[in-house]
Amino acid sequence: MRSNQDLANEALKGSGQDFSIDHLADHASDNTEQMISIALLEGETKLLESIEDAIHKIDGNHELAFGMCEDCAEKDRWDPATTAPWIPAGRLDVVPYARLCVRHQERAEAE
Ligand SMILES: [Zn+2]
């Protein structure tokens, strides 16, 4: 029976590369670490954008006022009977850079 190393060498034959299984594993591990780093960076970038937007809203340099839910503020999604455009103060105490009210945040996370 052929070893995994033999199978790997055969699979890579002609590719011009002679990675061993160990090298392939290292390569896959590097890719995974890279993907995790990119995901973390994307999350941090989004967070930074939310914080910057919150500062602009506080300074009055944004189309919305600080504390206004971005989804509630869109007329077509704002039903005055059931929602208000304002994010509750308690939520802003915990997440001052929140863009959405709890209801719309839950809806966005479910999508
Ligand atoms: Zn809302």
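1. Leu 64 is partly exposed, because 15 other C-beta atoms lie within 10 Å, a count between the limits of 12 or fewer for an exposed residue and 20 or more for a buried one. The structure discussed here is a predicted model.

2. As to its location, Leu 64 belongs to the loop that links helix 2 (21–59) with helix 3 (70–73). Once neighbours within four places in sequence are set aside, the contacts of Leu 64 are Lys 57, Glu 70 and Ala 73. Between Leu 64 and Ala 54, which are 10 residues apart in sequence, the C-alpha to C-alpha distance is 9.6 Å.

3. Turning to the chain as a whole, the secondary structure comprises 5 helices and 0 strands. Read from the N terminus, the order of elements is α-α-α-α-α.

4. The chain has 111 residues, of which 5% count as buried. Among contacts with a separation of 6 or more, 28% join residues 24 or more positions apart.

5. On confidence, the mean pLDDT of the chain is 83, and 74% of the residues reach at least 70. Helix 1 (residues 4–12) has the lowest confidence, with a mean of 62, while helix 4 (residues 89–94) has the highest, at 94. Where pLDDT is low, predicted coordinates should not be read in detail.

Note on methods:
Residues are numbered from 1 along each chain as its sequence is written. This is a predicted model: local features need pLDDT of at least 70, side-chain atom pairs count only at pLDDT 80 or more; totals for chains, interfaces and linings use all residues. pLDDT is the predictor's confidence in each residue, from 0 to 100. Helices (H or I, at least four residues) and strands (E, at least two) are DSSP runs, numbered from the N terminus. Two residues are in contact if their C-beta atoms, placed from the backbone, lie within 7 Å.
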